[in-house]
Structure formats: structure tokens, C-alpha cells
Amino acid sequence: MSGISRSLLTLHDGRTSPDLAPLPDDLQERANHLKAMGYFLDADIIGICEVPIYAWYSHDGQGNPIQPRHRYAIVLLIDQGYETMAASSGDDWMSSAQSMRAYLKGSVIACTLADYIRQLGHEARAHTNDDSEVLHIPLTLLAGLGELSRIGELVLNPFLGPRFKTSVVTTNLPLAVDKPIDFGLQTFCQSCMKCARECPCGAISFGEKVMFNGYEMWKPDVEACVRYRVMNPAGSGCGRCMKVCPFNKPGLMRYRAALWLAMQVPACHRLLLWLDDWLAYGRRIPAWKWWWDLEWRDGRIQQ
Ligand code: SF4
Ligand code: SF4
């Protein structure tokens, strides 16, 4: 999948049509139209924000300076899929394949949306896992798509939990922007430590937030996490923290009451966490495993 994804690199940017398409003057109508296009292309949740100067990288991978050139960002969330994640351990080969599938889908949608905006006569560029001139985390927060979680440098969305990947389209087409959200996650993460408990290498903090780079956050041990992901003999990465998080639930309606309680009634947090464990959420569901793991053992491929 990563080869196919990299083949889209030439489509991240391109020629802008010299002809301006007629567009509504109302910025909200324009934003709604582009979000509708993104949903048609199968993005799961979309938000829009202005791009602060600090969200631009200073240089690209070849050392060339990056000029911040667009004012707006359209941030696309791609659901990695509940069923496959439920059947995986979170740190097996499938969990990494699932991540790459979401990155690939995000690239296709962002490149198509950027091309559409350029055809309307406005500059636009896609930013994906393979090539990005902007930092995705601050843009995801500013576009109202989640809050930073105990996992650390990871945004959690109230409906998808941490189970998503992002891609971004930046543009100069003026659009109405969304606002950051507060759905009570900081209080919830204070009581819940499920990700820290289940992390196989102890990379997630059980403690209080700290000041890091001017931000108050739960600081993960990034070195321990990366070491585990690179050395993990049973997979090519890890996403156990995402898998076990109580916000990683299928659909919306079935869990609406629990979600409302989690957001609105901090006194219920401990009960909700106990229920989450008691109902075995976050455990592997072997019956849902639909794939075969093929491994090279004893000189031949075996299941
Ligand atoms: S990805 Fe895995 S190793 Fe890294 S913090 Fe999450 S659970 Fe821990
Ligand atoms: S597992 Fe619990 S503490 Fe960790 S990010 Fe999810 S809600 Fe927060």
C-alpha cells in the first residue's frame, strides 16, 4: 500500500485553473459545499480552520525552505474501521496494515479535493502521511475535531475516539471556519488510565500533565514507543493505546447515553471505566478475525 500511496505524490499539488468558477459569496455555503464533496469521497469527519504560522514546517525533506502560502486548512478524518481493530491485538501485523489503509484513503481523498479546488480557480495542496508541509495535530485541534488525550501527541475525537488518520488540504479559497471543541476529555483522561495500563512498553504517563514546549500535556515516552514499534517481533508497529481506549466504539447511536455521561457527568467516569472493563471492551475478539497471518517458519510459509 505504501508504494501506491507514494505514487500519489505528484498529485499533491498542481496547476490552478486560470478561470474562476462562480461560487457563492457566503463563506459557510462554500465550506458546506467542500465538506459535502469530502463526505461524498468517503471522509468520515471534516473540519476547517485557519492555518497559524507555527503549523507550517520550516523545511521540506530535502532541506528546501517552505513558504507558508495558504490561509485555510480542510482537515479530513479517516476512520480506521472498528471491526478489524477489534479482532486485532493492536500490535500485530494487521493493525499496521489497517493504519496504512486509512493513510492511503486519506491521500486519495485529499488529492482529489485539492484538484477540485484548483479546477475552481483557487490554489490548493494536499498534505498526507507521505508528504506534508503542515503539522496535522494543531490543525485537527483548531478545526474542532478533538482534544489532546493522555496518549500524548494524539488527538481524540468524541465519535471516533483515537481510531482515525488525518489528511489535510490547504487553500487560499476563503471559507467559514470551525471552532475548537471541549467535550470534557481532560477530566475523563484524568480518571481513565486504560491506555497507560495496556501500553506494552510503559510509554504512556500515569501521572499529571507537564509543561512541554510551552504546552500543558501528558508527555509520552516517545523513544520507548518508537523502540517498541520498530523492534516489535509480532508486528510492524503498534496501536494498542488506540484499540483499548473507551472512546473506541462502533457507531454513534448505541453508545449515545454513555458518551453523554462521559462528557457531561464527571462523577460517572469511574463507573463508565469499570463497565468498559467489565463488558470486555478493548479485548481481542478472535471470532471477528477474518484474515490469515502467514509467517515464514522452518523454511516455508505457514499460518
Ligand atoms: S503505540 Fe503502542 S507502544 Fe506506543 S504508546 Fe501506544 S500502546 Fe504504547
Ligand atoms: S484510554 Fe482513557 S486515558 Fe487513554 S486516551 Fe482513552 S480516555 Fe484518555
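Ligand 2 lies between domain 1 (2-171) and domain 2 (185-285), because both give residues to the shell around it; the domain bounds come from an automatic or database assignment. This is a predicted model, where local features need pLDDT of at least 70, side-chain atom pairs count only at pLDDT 80 or more, and totals for chains, interfaces and linings use all residues. Residues are numbered from 1 along each chain as its sequence is written, chains are lettered from A and ligands numbered from 1 in the order written, and side-chain values use heavy atoms, leaving out hydrogens and water.

So who's around ligand 2? The shell includes Ser149, Arg150, Ile151 and Leu156, along with Phe188, Cys189, Cys192, Lys194 and Cys195, and also Cys245, Pro246 and Phe247 (a residue counts if one of its heavy atoms lies within 4 Å). Nine of these are nonpolar, one is polar and two are charged (Ala, Val, Leu, Ile, Met, Phe, Trp, Tyr, Cys and Pro count as nonpolar, Asp, Glu, Lys and Arg as charged, the others, Gly among them, as polar).

Ligand 2 sits in the largest cavity, meaning more than half of its atoms lie within 2 Å of the cavity's grid points. A cavity here is a set of points, on a 1 Å grid over the protein atoms alone, where a 1.4 Å probe fits but cannot get out; lining residues have an atom within 4 Å of a point. The whole structure has two cavities of 30 Å³ or more (points are joined across faces, edges and corners, and a volume is the space filled by probe spheres set on them).

| Cavity | Volume | Lining by class |
|---|---|---|
| Largest | About 90 Å³ | ten nonpolar, one polar, two charged |

Of the 13 residues lining the largest cavity, Leu156, Cys189, Cys192, Cys195 and Cys245 are the closest to its centre. H6 gives the most to that lining, with three residues.

The second largest cavity also lies between domain 1 (2-171) and domain 2 (185-285), since both give residues to its lining. Among its lining residues are Ser95, Ser99, Met242 and Lys243, and H4 and H9 (240-244) each supply at least two.

As for H4 (residues 93-119), its 27 residues should span 39 Å at 1.5 Å a residue, which agrees with end C-alpha atoms 39 Å apart (the expected span is 1.5 Å times one less than the number of residues). After H4 comes Gly121, with a positive phi near 100°.

Note on methods:
On a 1 Å grid over the protein atoms alone, a cavity is a set of points where a 1.4 Å probe fits but cannot get out, and a pocket is an open set with protein on both sides within 12 Å along at least five of seven lines; lining residues have an atom within 4 Å of a point. Helices (H or I, at least four residues) and strands (E, at least two) are DSSP runs, numbered from the N terminus.
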